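Thank you all for making the time this morning. I would like to walk you through a structure that may be new to you, and I will go slowly, one region at a time.

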Amino acid sequence: MPVRILDLPTGMDDVTLADAFVVLKDLYDRVDEHAARLAAPLELPCHPGCSSCCRQSVFVTPLEALYLLSHLQETRSPSEVTAVVDAGVATFNAHRERILAFGHPTCPGAPELGDDDARRRAAPLDRVLSALALSFDCPLLDSAGLCSVYPAREMRGRLFAVSRLKSRDEYYACNLLGRHLDGREVRLMDAEAVVELLHLHPLTDGEQVIPYYLWRYASLLR
């Protein structure tokens, strides 16, 4: 019997997931409002069904992962949830060693890791270089190439095409958008600064790719 994500403990006496989700959504809404203003003059090639930015490894905090999984449970049938979980676990197993090398962020309520998996940790990796080295179709994409949890998508997904990595002076976007924006003078958000705001929230101590969380919570979601 599936476990309701919203009912999982956070590990903090004074914070529930419902409370944390409200604060996270407020941050998302503010970022979305600013991103919409920045995107308006850019004539971005993004459109429903374009999933270029969803075919690479995108890193997600535990809070964001739980928000995604909760939205999935609330909006999809049990069989659809199971199909997403199965796809995520298959992707995880196909890239197991590399994904586990990204470390183990806190996953409240998830089953404990086995000794072999728990030993597979690494020093913090450069997220951009890691993403370039590991690509896969996001298990949250449906058969039409649409995000099945779009309203709950992670912060990094909200920053695609409207943000820049100041430490490298490069776009935080897929290659399609990089080519579209290249050579143009545009006003974009600082992706790293926005992500720092995210990490002020509870359950944001570390990041992992989405298949990792689907693997960790698989037994609770099916």
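Let me begin with L203, which lies in the loop between α9 and β5. Please keep in mind throughout that this is a predicted model. The phi angle of L203 is near 60°, which is a positive value in a residue other than glycine, and L203 counts as buried, with a relative accessibility of 9%.

T204 belongs to the loop between α9 (191–198) and β5 as well, and T204 counts as buried because its relative accessibility is 6%, where the cut-off for buried is under 20%. A polar atom of the T204 side chain lies 2.6 Å from the backbone oxygen of H201. If we set aside residues up to four places away in sequence, T204 touches T61, P62, L63, L198 and H199.

There is another positive phi to mention, at E43, where the angle is near 50° in a residue that is again not glycine. E43 sits in the loop between α1 and β1 (59–60), and E43 is exposed, with a relative accessible area of 64%.

Let me now turn to strand β5, which covers residues 208–209 and is the place of Q208. Is Q208 buried or exposed? Q208 is buried, since its relative accessible area is 0%. The side chain of Q208 reaches the backbone oxygen of I99 at a distance of 2.6 Å. Leaving out residues up to four places away in sequence, the residues that Q208 touches include V58, F59, V60, L100 and Y213. Q208 and A65 are 143 residues apart in sequence, yet their C-alpha atoms are 9.0 Å apart in space.

By class, the lining of the largest cavity has 7 nonpolar residues, with no polar and no charged ones.

Finally, let us look at the largest pocket, which has a volume of about 830 Å³. Its lining takes in 40 residues, and C46, C53, Y150, R153 and G157 are those that lie nearest its centre. At least two lining residues each come from α1 (17–39), α7 (155–159), α8 (175–181) and α10, while the largest share, 4 residues, comes from α1. What classes of residue line the largest pocket? By class, its lining has 29 nonpolar, 7 polar and 4 charged residues.

Notes: Residues are numbered from 1 along each chain as its sequence is written. This is a predicted model: local features need pLDDT of at least 70, side-chain atom pairs count only at pLDDT 80 or more; totals for chains, interfaces and linings use all residues. Side-chain values use heavy atoms; hydrogens and water are left out. Ala, Val, Leu, Ile, Met, Phe, Trp, Tyr, Cys and Pro count as nonpolar, Asp, Glu, Lys and Arg as charged, and the others, Gly among them, as polar. Buried means under 20% relative accessible area, exposed over 50%, partly exposed in between (1.4 Å probe, protein chains only). Contact means heavy atoms within 4.5 Å. A polar contact is a pair of N or O atoms within 3.5 Å; within protein, one must be able to donate a hydrogen and the other to accept it, and residues adjacent in sequence count only if both atoms are side-chain atoms. On a 1 Å grid over the protein atoms alone, a cavity is a set of points where a 1.4 Å probe fits but cannot get out, and a pocket is an open set with protein on both sides within 12 Å along at least five of seven lines; lining residues have an atom within 4 Å of a point. Grid points are joined across faces, edges and corners, and a volume is the space filled by probe spheres set on the points.
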